[in-house]
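Please read it alongside the sequence and the structure.

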Amino acid sequence: MAHESHTKTLPADLSAPPVVNTWRTRALIVGVVFSVIAAGLAFADGSIDHVLRAWLLGLVLTFGFAVGGLALLMVQYVTGGKWGLLLRRPLEAMSRTLPLVFVYWIPIAVFQGKLYMWANHGIVDQALKLGQITQDQVEAIDHAIKWKAPMLNPTSFVVVSVICFAIWGFYTWRLNSLALKRDADSPDNTPFWIKKFENLSGFGILVYSLTMTAVVIYWVMSLDVTWYSSVYGLLFLVGQGYQVLAFAILISIALSQYEPFKTVLRQTEQHDLGKFTFAFVMLNIYLGFAQFLIIWSGNLPEEIPWYLDRIRGHWGIIITLDFIFHWLIPFSLLLSRDIKRNKKRLTRICQWMIFAKAFDLFWLIEPNFKDAARNLHFSWGILEYIAVPVALTAFWFAFFTTRLQTRGLVAINDPHVVEILEPEHAHA
Amino acid sequence: MATSELKPGNPDHGRWIDPATGEFRVLEPGQTFKSVTAKISDIVLTPHTPLGWFALFGIGGAVATFLLTAVTWLFLKGTGIWAVTQPVAWGFAIINFVWWIGIGHAGTLISAILLLFKQGWRNSINRFAEAMTIFAVVCAGMFPLIHVGRPWLGYWLLPYPNSMTVWPQFRSPLLWDVFAVSTYATISVVFWYIGMVPDFGTMRDRAKTPIAQYFYGLISLGWRGSVRHWMRYETASLLLAGLATPLVLSVHTVISFDFAVATLPGWHTTIFPPYFVAGAIYSGFAMVLTLAIPLRKFYHLEALVTERHIDNMGKVMLATGLIVAYGYGMEVFMAWYSASHWEYFMMWNRMFGPMGWSYGVLIFCNIAFPLTTLWVRKLRTNIGFMFLISIVVNTGMWFERFVIVVTSLYRDYLPSSWGTYRATKWDFMTYIGTLGLFTALFLLFVRFLPMIPMNEIKMMLPGAKIKPKEAVAGESH
């Protein structure tokens, strides 16, 4: 019974290691420092316009971690697999950061008149006055605002967003509370719990897809009131998978220097997670490129300006870098089996992917504003895109570490627990 | 199955959970290496072909003659015998092409993607799903070829240096189709064949007649089952799975571009690529069920293709069906949100225009009926019901392509050029004929090749699992 003698034992203490406190302290320091920088930049710029735009980026990024984390939590319940057991507690902790994301959303709701043309026609008038748009464009914008008024208005923006937060909150609460009950129950009841979570998560994924699509149309797509793309929701869905997996791997590897993750994170599962991430890197470029190809080939006046706004006037540099950062680098590196199995290198790639995601959001958000469309230029305000998202993400991370410490890091009532404690070669 | 049935005290607990492992059952209990080999290989090696097989093969062959007749007449008269004309310049041919290619997607998905995801349950169904893929691609590939008008010049589609210095239009997705479909067909055939090699070795060793021994000996490529052979076999399978996985996405994506790069409302929409892929898998799984359910009954394979398989296929259909429904929803929403009169009119016309009935059929068959019932596990494990669902979804997916092609074309920008579409008897004969051809080819496969991979099923048996030495020593097969 050679292999049994090598089987590892789960440590008695499954709680988060003390180093998590250090991470939180560092994150809070970073958050405070970048908040001060953001305030200084706003002062130098003499306006809060860029603070709000960058705040939206920070909101979308942290929303991706929280709600995307909830979605991946449900996906792992539906599909099973050992990777899911490893990521379960980090994903649960990500989902429980939803209250902070809601707080982040409040300034956007309050100041929507500074961001969205449909909420404040003064933005259109100002752009026309400054010669940033033509009279023809104003007519198209006015037609779109009038047509979409039943949906795009300040009240429905708030109502829809609050309903979506309430739905995600319900799923977060239900999945997190049942997870504790499952661990407290007898192992004989595990099949019952597997099905229970499957049933809850199956429908939850459907609800997530619809609600997530609704909010990204409101929060991001409607920044350009005339433009539309039916794959937009799916692009964000896949994008959330991209960033959530990168973050979850990062956390798992960081935790694996200490117990209990030191015992449970095997190279096999790390490799599987790397492959899964690679799939999302591919899906991400697949949808992004398909959208580009279809719109570029069609070359329709309703659609093509959206891309021209993001290519011309020095934005070509950003889109090229976006392609390299967001796809080419992770794709090329994650092809390698050795890199996927190397903790240090995989960590670097995941860090890079989170940066690339934020960079992609910059390319997606900033050109919606007429002063920046086809006109990438330096201002103190543009630096808010670094300061504000870093501050928001740092505070979010600090909150995440708090959530991570509230329960054991490994779910125990799961058939995969035995398997991840076996030596690597047993089921390779 | 209610979740309460999974509690240890429940009388139905053993039906779902294997008491030896505590895991969900995939195969019925009592299978051994020997029984699996005998069950599958005897279907092929028996000298007594069932009468039912002859009857079905006869019907399939007879229906295939429709195709032969229709294609002969087409070659004599030209594509004018079809209903295609302005404004509906694409009709049954493209609808059937997309429908058949879509069906062909499930085979590769099951073989490649589920293999990479280590989904052991796929082992019972992957072989005939792959066969289905190949025959579906055969049926699909015929349509563009016979649609070119002069099929004897079909080779002009390929970019080759020629004296006319004429090259195909590389910017057209129709040309990308040529590469995508031919690559897909090639990889699918190679994957299918490589997967069968170990089983051919078994068939060769069990064959009683010299012809069978010679035939299976020849195609088993000298398989001896040595460790080296298995190692190479596993490596080849993984490599092919890696190659085939992007193909599952790329083929239907390219097909969706056939429509989406045009500027026609109803075709030009960015969600088409993922929605076409999901639709393809949806219809592909429906066809696997259409084939698997009668097969398991006819050849008494219930122990190998179990309720769990039917249930899992139902779940895959539910997931892909929901993506398709999301696609329909986004199309309708964007038709309004675009604030474009053309988009809005297209959707209104699609739903309530003279051909609105076809949209109704599509919504009922693809959404209303399957996506409300497939949530219920009791229905997913009801074999008769699942057979019905599979037929309904296949019908719905055919109508999806009909709706996309016809209802987008027959009333476009200029009201003066509006028309309608009425398929001719030759259109119907060609389509029905391919159903016959597909049936006949599939029956030949069932009769002469092992329809379930013996080697992969055996890997799922308790005897193949790594166990403590004493337990293995005490086990006999």
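Is Asp125(A) buried, partly exposed or exposed? In this predicted model, Asp125(A) is partly exposed, because its relative accessibility is 42%.

1. Asp125(A) belongs to a patch of negative charge on the surface, together with Asp136(A), Glu139(A) and Asp142(A). Asp125(A) is located in helix 7 (residues 122-129) of chain A, whereas helix 8 (residues 135-148) of chain A supplies the largest share of the patch, three residues.

2. Over all chains, 23 salt bridges are found. One of them joins Asp272(A) to Lys275(A) at 3.5 Å, N to O. Both residues sit in helix 13 (residues 267-298) of chain A, three residues apart, about one turn of the helix. Asp272(A) is partly exposed at 22% relative accessibility, as is Lys275(A) at 38%.

3. Arg374(A) and Asp309(A) form a salt bridge at 2.8 Å, N to O. Arg374(A) lies in the loop between helix 17 (343-365) and helix 18 (384-404) of chain A and Asp309(A) in helix 14 (residues 304-309) of chain A, so the pair ties together parts 65 residues apart in sequence. Arg374(A) is partly exposed at 31%, while Asp309(A) is buried at 7%.

4. In chain B, Asp311(B) and Arg380(B) meet in a salt bridge at 2.6 Å, N to O. Asp311(B) is buried at 2% relative accessibility, and Arg380(B) is buried at 4%. Both residues belong to a salt-bridge network that also includes Lys195(A), Glu198(A), Lys315(B) and Arg377(B).

5. The structure contains zero disulfides over all chains. Cys350(A) is buried, with a relative accessible area of 1%, and Cys365(B) is buried at 8%.

Technical notes: Residues are numbered from 1 along each chain as its sequence is written. Chains are lettered from A and ligands numbered from 1 in the order in which they are written. This is a predicted model: local features need pLDDT of at least 70, side-chain atom pairs count only at pLDDT 80 or more; totals for chains, interfaces and linings use all residues. Side-chain values use heavy atoms; hydrogens and water are left out. Patches are made of residues with over 30% relative accessible area and no salt bridge: like charges are joined within 9 Å, nonpolar side chains (Val, Leu, Ile, Met, Phe, Trp, Tyr) within 5 Å. Accessible areas come from the Shrake-Rupley method with a 1.4 Å probe; for residues, only the protein chains shown count as cover. A salt bridge is a side-chain nitrogen of Lys or Arg within 4 Å of a carboxyl oxygen of Asp or Glu. Lys and Arg count as positive and Asp and Glu as negative; His and the chain ends are not counted. The place of a charge is taken as NZ of Lys, CZ of Arg, CG of Asp or CD of Glu. Helices (H or I, at least four residues) and strands (E, at least two) are DSSP runs, numbered from the N terminus. Buried means under 20% relative accessible area, exposed over 50%, partly exposed in between (1.4 Å probe, protein chains only). A disulfide is a pair of cysteine sulfur atoms within 2.5 Å.
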